[in-house]
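Please read it alongside the sequence and the coordinates.

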Amino acid sequence: MKRAVSFLITVYALVPVVLYLFPWILGHAIFAHLLRFPFFVDLGKPEDVVDHTCNFYLNTEEGVSVGVWHTLPANQWEKAAGKSPEWYREALGDGHPVIIYLHGNVGTRAIKHRVELVKILSTAGYHVLSLDYRGFGDSSGEPSEAGLTSDALYLYQWVKKQSRGSLVCLWGHSLGSGVATNAAVKLQEQGTAADALILEAPYTRIGEVVIKHPLAKMYMFLPGFESLLWNILEKNNIVFANDKNLKTLTGPLLILHAEDDNVVPHHMGVKLYHISLQTQKKHNADVQVEMISYPANHGFSHSSIYLDPNLSNVVKGFLQKLRQ
């Protein structure tokens, strides 16, 4: 018993030392890309998980190939039988809005809550492109903030070329919210603002989620531990500053956040909503900024907003206003 207790104390004491000596470990923990859940899904065969979906790959930069699922809107399902990837690509120009889904950390585009959301959006009449960033799923390369942003930006610009003027929306969940706003800032700097942003369970900046994690809280009484975490994030160039990004973005925004979110606190979404309102006011921008908060008794937590039976109407209401 004494040996077991001694071992646990030693492991506990070593964590800050290991993080200091091997700062890349924190980056791997944030992305959690090596946890390729679900393990037994062939990402090259999306039909095993979601119907009317085509798998394809894009080379977002030299040496980096990312996997993408393209799920059709419901009214295209019958036409899609036996069609080629080229047909799917042409279908992006049929006038239906396109949603690029940027998922959170851990796992692949095949995780259940991601697939269920895609099904809802498809039924609602949208093309949905689900991206596995570099290092995730069957995509090559290693993840980094700059790399994930580059992948999302490339996909958005590729879709805009294929869609022939259709509305294209970036939907970022959790970690993906930072990818979405990063990409939107890049687009705005290039003079071509993103058509729309939907942020699901977004954080202010990733470091503020890290320091609130239960494992991190176990060490917060140690002098300098919080500073160590922030310094490691800085060394790894991992910021994902949604708060900073929304101080410059002047495009349409919808925030979805559950009050019982146990990963990213609901108050972070509220703060981002108010930041965006102030930005629109500062720039005299007449654009939509909305937030939907889900009461804790719904039990949606961090990844189950797709369970809202009214979700498709919420999304339709937001996107239809942009087309008027």
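At 27% relative accessibility, Lys 160 counts as partly exposed, a class that lies between buried (under 20% relative accessible area) and exposed (over 50%), with a 1.4 Å probe and protein chains only. The side chain of Lys 160 meets that of Asp 195 in a salt bridge, with 2.7 Å from N to O, where a salt bridge is a side-chain nitrogen of Lys or Arg within 4 Å of a carboxyl oxygen of Asp or Glu. This pair links distant parts of the chain, since Lys 160 lies in helix 5 and Asp 195 in the loop between helix 6 (175-189) and strand 6 (196-200), 35 residues apart. Asp 195 is likewise partly exposed, with a relative accessible area of 22%.

The model is predicted, so local features need pLDDT of at least 70 and side-chain atom pairs count only at pLDDT 80 or more, while totals for chains, interfaces and linings use all residues. Residues are numbered from 1 along each chain as its sequence is written, and side-chain values use heavy atoms, with hydrogens and water left out. Helices (H or I, at least four residues) and strands (E, at least two) are DSSP runs numbered from the N terminus.

Side chains of opposite charge can pair when their charged atoms come close. The structure holds nine salt bridges, and the table lists three of them.

| Pair | N to O distance |
|---|---|
| Glu 61 and Arg 134 | 3.1 Å |
| Arg 109 and Asp 132 | 2.7 Å |
| Lys 160 and Asp 195 | 2.7 Å |

The side chains of Glu 61 and Arg 134 meet in a salt bridge; Glu 61 lies in strand 1 (residues 53-61) and Arg 134 in the loop between strand 4 (127-132) and helix 5 (145-163), so the pair ties together parts that are 73 residues apart in sequence. Glu 61 is partly exposed at 38% relative accessibility, whereas Arg 134 is buried, with a relative accessible area of 6%.

Arg 109 and Asp 132 also form a salt bridge, and because Arg 109 lies in the loop between strand 3 (98-102) and helix 4 while Asp 132 lies in strand 4, the pair ties together parts that are 23 residues apart in sequence. Arg 109 counts as buried at 2% relative accessibility, and Asp 132 is buried with a relative accessible area of 0%.

Leaving aside neighbours within four places in sequence, Asp 151 is in contact (heavy atoms within 4.5 Å) with Thr 60, Val 64, Val 66, Leu 131, Tyr 133 and Arg 134. The C-alpha atoms of Asp 151 and Val 64 are separated by 9.0 Å, although these residues are 87 residues apart along the chain.

His 113 lies in helix 4 (residues 112-123) and is buried, with a relative accessible area of 18%. Not counting residues up to four places away in sequence, His 113 touches Tyr 101, His 173, Ser 303 and Tyr 306.

A search of the whole structure finds seven aromatic pairs, which are rings of Phe, Tyr and Trp (its six-membered ring) with centres within 6.5 Å, counted as stacked if the planes are under 30 degrees apart, edge-to-face if over 60 and tilted otherwise. Among them, Phe 37 and Phe 39 form an edge-to-face pair, 4.9 Å centre to centre with 75° between the planes. Phe 37 counts as partly exposed at 32% relative accessibility, and Phe 39 as exposed at 53%.

In helix 9 (residues 225-235), Phe 225, Leu 228, Leu 229, Ile 232 and Leu 233 are buried. These residues cover an arc of only 135° around the axis, which puts them on the same side of helix 9; the arc is that of the directions from the helix axis to the C-beta atoms. Just after helix 9, Asn 237 takes a positive phi of about 55°.
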